[in-house]
Amino acid sequence: MPPVPVQGFVPRQIEPVLRKALETFRIVVLSGPRQSGKTTLARQIAPGGRPVTLDGRPVTLGGRPVTLGQSFLSLDEPTMAALAREDPTGFVSGRTRPTVIDEVQRGGDDLVRAIKLAVDADPAPGQFLLTSSAGFLHVPVLSESLAGRAAFFELAPLSEVEICGRPGGLLTRLLSNAQESLEHLTAASYAPLDRSHYAERVCRGGYPEVTGLSEADRQLWFQSYVHTLVTRDIVELTGARRSSELPRLLRAVAARTAGELVMQDLHRDMGFGSIETTADYLAYLEMTHLVCRLDGWAASAPTRAKRRSKVHVTDSGLAAAMLGVTSESLSDPATRERGQLHESFVFAELRRQAQAVAPDLRFCHYRDSRKREIDLLIERPDGRLIAVEVKAAATVRPDDGKSLAWLRDLIGERFETGIVLYTGWHPHRLSDRIAALPLSCLWDA
């Protein structure tokens with residue numbers, strides 16, 4: 001049975017978190033890739049200003065209601081962006097609170113400083129909700145950090161939990177009580193999903209606009225999405241002179257998704273003039289939330305800093321589209337990209353779940369000189385770990401949990417649980433605190 005396309009508005013798990021933050025902080029900043037749903041969510045939180053009425057009837061202009069103290073301002077509108085740049089202080093004053101400024105990075109540093117001055121003059125919480133399609137603290141044209149005034153959150157594309165309308169997800173369950181949850185999860189029954197079902201989810205990804213599209217239309221959407229992002233946002237924010245090379249760089253990263261990042265190899269494939277240029281352009285893809293790095297983990301911080309990072313395209317559907325992989329080809333066990341795309345899918349799903357329930361978790365991976373590898377480690381602030389291995393195969397062998405058992409024995413009680421996620425449907429214990437679970441446990445836990 002194929003996944004059901006998303007219909008209408010999808011409630012986002014992070015919404016109550018944002019509302020609570022607005023009760024405490026003067027400013028809340030929500031960043032994330034374009035088309036991830038930031039604008040829709042922001043409108044849910046601050047739908048508009050006070051309507052102007054005449055004899056009890058709303059006044060309209062051009063068919064749209066007139067409002068006082070308009071609270072939703074999109075800088076994607078050229079006129080609105082020009083107003084914000086020409087008179088930033090006037091632009092933010094006299095508005096209904098919370099004022100939402102969508103794509104705030106397009107207003108530049110002067111607008112952000114005007115917002116800072118406004119909340120310094122009136123320190124009441126919940127004054128501004130700012131959205132940005134670029135990492136707010138990494139945008140070259142913004143130097144003001146809003147330190148001490150703002151809380152920062154990220155909105156990724158839809159998680160499978162949100163698409164399916166589930167209340168929690170695997171991560172929520174494990175964080176509540178890992179050992180008790182593992183007992184229930186290994187005793188549960190699961191729908192016998194096949195590899196074509198999983199392949200469709202992996203190739204679809206989580207961008208709301210693509211959930212109801214055919215595979216051909218989805219491919220076209222992703223191509224247009226990348227082209228627009230490169231020619232508009234990245235050039236506008238960075239002045240990148242070789243922006244036409246960015247889609248090629250994204251394809252090169254997609255070919256390496258879930259693999260270790262070796263900058264020299266990436267630079268050799270790209271042929272940029274210097275390795276610094278390659279690093280800068282990769283940083284542009286990270287800034288716009290298309291790519292992220294996964295740090296290496298070690299038992300001590302000094303050792304951890306020397307571990308090589310992995311790189312992931314942040315949405316498996318985008319990665320598949322950049323590689324020309326279809327759900328049909330991904331269903332073939334011989335397809336070379338099967339393992340890495342399934343791993344990026346799992347990473348993205350768990351990271352999306354964490355953004356809503358535990359944003360202070362640290363995601364990392366492990367690999368050592370003896371070739372022991374663990375795909376994903378989720379570390380709590382107190383150092384406890386959940387370890388995850390991902391297998392695109394429908395069969396799990398005892399050796400598939402060997403690295404997890406090694407880590408368990410190494411760190412003892414800090415090891416909460418280890419899970420091997422695979423495309424079969426029989427859950428079973430592998431050893432103490434380690435189990436094999438169907439991939440569908442991610443959203444059907």
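**Ground rules.** The model is predicted: local features need pLDDT of at least 70, side-chain atom pairs count only at pLDDT 80 or more, and totals for chains, interfaces and linings use all residues. Residues are numbered from 1 along each chain as its sequence is written, and side-chain values use heavy atoms, with hydrogens and water left out.

**Entry 1: the open sheet.** I began with the strands. Helices (H or I, at least four residues) and strands (E, at least two) are DSSP runs, numbered from the N terminus. Five strands make an open sheet with parallel pairing, in the order S8-S9-S10-S1-S11. Two strands pair if DSSP finds at least two bridges between them. Strand S8 (72-74) and strand S11 (150-154) are the edges, each pairing on one side only. Neighbouring strands are turned by 15° against each other on average, direction ignored. I then looked at one pair. S8 runs parallel to strand S9 (residues 99-102), and three bridges join them. Serine 74 stands opposite aspartate 102 in S9.

**Entry 2: helices on the sheet.** Next I looked up what packs there. Contact means heavy atoms within 4.5 Å. Axes are lines fitted to C-alpha atoms, for helices over the stretch in contact, and angles run from 0 to 180 degrees between N-to-C directions. H1 lies across strand S1 (27-31), strand S10 (128-132) and S11, at about 155° to S1. H5 also packs on the sheet, where it touches S1, S9 and S10. The direction of H5 makes about 160° with that of S10.

**Entry 3: helix H13.** I checked the length of this helix. The expected span is 1.5 Å times one less than the number of residues. H13 (residues 275-287) has 13 residues and should span 18 Å; its end C-alpha atoms are 18 Å apart, so the two agree. Which residues of H13 are buried? They are Thr278, Tyr281, Leu282, Tyr284, Leu285 and Met287. Buried means under 20% relative accessible area, exposed over 50%, and partly exposed in between (1.4 Å probe, protein chains only). Their cover includes helices H10 (215-238), H11 (246-254) and H12 (263-270), and strand S13 (291-296). Just after H13, histidine 289 takes a positive phi of about 65°.

**Entry 4: salt bridges.** I counted charged pairs next. A salt bridge is a side-chain nitrogen of Lys or Arg within 4 Å of a carboxyl oxygen of Asp or Glu. The structure holds 43 of them. One joins arginine 12 and glutamate 162 (3.2 Å, N to O). Arginine 12 lies before helix H1 (15-22) and glutamate 162 in helix H6 (residues 160-164), so the pair ties together parts 150 residues apart in sequence. Both arginine 12 and glutamate 162 are buried.

Another bridge joins aspartate 110 and arginine 113 (3.4 Å, N to O). They are three residues apart in helix H5 (residues 108-121), so about one helical turn separates them. Aspartate 110 is partly exposed at 47%, and arginine 113 is partly exposed at 37%.

**Entry 5: arginine 380.** Last, I looked into a loop. Arginine 380 is found between strand S16 (373-379) and strand S17 (385-390). Is arginine 380 buried or exposed? Arginine 380 counts as buried, because its relative accessibility is 15%. Its side chain makes a polar contact of 2.6 Å with that of glutamate 416. A polar contact is a pair of N or O atoms within 3.5 Å; within protein, one must be able to donate a hydrogen and the other to accept it, and residues adjacent in sequence count only if both atoms are side-chain atoms. Not counting residues up to four places away in sequence, arginine 380 touches Leu174, Leu175, Leu361 and Glu416.
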